[in-house]
Each structure stands twice: as structure tokens, then as C-alpha cells.
Amino acid sequence: MSLLAQGFNLGDKLQLQPGRPLVGVAAGTVGSTFGTLSSFINLLLPMAFIIAGLIFLFLLIGGGFTIVSSAGNPKGVEQGKNQLMTAVIGFIVIFSAFWIIQIIETFTGVKIFNSGL
């Protein structure tokens with residue numbers, strides 16, 4: 001029988017007790033601001049996906065501009081194609097990471113994309 005079928009929730013196991021201060025953590029640090037590691041990830045991860053999407057957009061524009069501005073020069077066209085290919089591969093990696101996180105949320109009960117912050 002799996003742990004999920006037994007009612008095991010990994011998200012509950014990773015939570016700190018409400019109101020319990022972190023031992024050995026100085027005030028004003030990340031550890032004192034965010035009670036759990038997941039609350040810190042909740043803040044950073046959605047911003048990382050937005051930044052990655054913007055980088056992807058600029059790489060696509062830059063690769064297309066390189067191809068157009070090469071004026072038929074085979075070396076310039078190849079450079080633009082390589083830039084477009086790396087942008088698409090990067091997008092696939094980021095898109096896959098997003099769905100892996102969604103799967104982790106489903107199976108463990110840990111809310112990584114918590115809109116409550």
C-alpha cells in the first residue's frame with residue numbers, strides 16, 4: 001500500500017510549528033522572514049518562470065533578427081538558427097520543470113505555488 005493511500009502528507013511533515021521561532025537564525029535573515037523553505041520557494045519560483053519566459057522571448061527575437069540581418073550569409077544564418085534552437089530547448093526545459101512541480105504538488109500535497117503570500 002502506498003504512502004498516499006495511507007493518508008501520509010509530506011507537506012504536513014515539512015511545516016514548522018506556527019509561532020515557533022527558528023533556533024539559531026538571526027533576525028532579518030531569510031530564515032527569520034520565511035518560516036519554511038517552501039514559503040521561500042513560493043516567492044521565488046513564479047518569478048523565475050516569468051523571467052525565463054521573457055528571456056525566451058528576447059532570444060527568439062534576437063535569433064530571428066540575426067537570421068534576417070545576415071543577408072544570406074551562411075555563417076550568420078547558422079548562428080541565428082543555433083540561437084533559436086537553444087532558446088527552444090531552454091523553453092522545453094523550463095516548461096518541463098513547471099509540470100514536474102505540478103506533479104510534485106499533486107503527489108506530495110506540498111503547495112509550491114501558494115498564492116497566499
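From the N terminus on, the elements of this chain run α-α-α-α, where helices (H or I, at least four residues) and strands (E, at least two) are DSSP runs numbered from the N terminus. The structure is a predicted model, in which local features need pLDDT of at least 70 and side-chain atom pairs count only at pLDDT 80 or more, while totals for chains, interfaces and linings use all residues. Residues are numbered from 1 along each chain as its sequence is written, and side-chain values use heavy atoms, with hydrogens and water left out.

**Exercise 1. The chain as a whole**

Task: State how many helices and strands the chain has, and what percentage of its residues count as buried.

Solution: The count gives 4 helices and 0 strands. For burial, the classes are buried (under 20% relative accessible area), exposed (over 50%) and partly exposed (in between), with a 1.4 Å probe and protein chains only. By this rule, 18% of the 117 residues count as buried. As for the surface, the chain exposes about 8500 Å², of which carbon and sulfur atoms supply 72%, the areas coming from the Shrake-Rupley method with a 1.4 Å probe.

**Exercise 2. A loop residue and a helix residue**

Solution: Begin by placing A71, which is found in the loop between α3 (37-69) and α4 (74-108). The phi of A71 is near 55 degrees, a positive value in a residue other than glycine. Most residues other than glycine have a negative phi. A polar atom of the T108 side chain lies 2.6 Å from the backbone oxygen of I104.

**Exercise 3. The aromatic rings**

Task: Explain why the pair of F56 and F91 is stacked, and list which residues the ring pairs link into a cluster.

Solution: Rings of Phe, Tyr and Trp (its six-membered ring) pair if their centres lie within 6.5 Å, and planes under 30 degrees apart count as stacked, over 60 as edge-to-face and the rest as tilted. The structure holds 5 aromatic pairs. In one of them, the rings of F56 and F91 have centres 4.7 Å apart and planes at 25 degrees, and therefore the pair is stacked. This pair links distant parts of the chain, with F56 in helix α3 and F91 in helix α4, 35 residues apart. F91 also forms a stacked pair with F95, at 6.0 Å centre to centre and 25 degrees between the planes. Both F91 and F95 lie in helix α4, 4 residues apart, about one turn of the helix. F91, at 40% relative accessibility, counts as partly exposed, and F95 counts as partly exposed at 45%. Finally, ring pairs link F49, F56, F91, F95, F98 and W99 into a cluster.

Technical notes
Polar contact = N/O pair within 3.5 Å; in protein donor to acceptor, adjacent residues only side chain to side chain.
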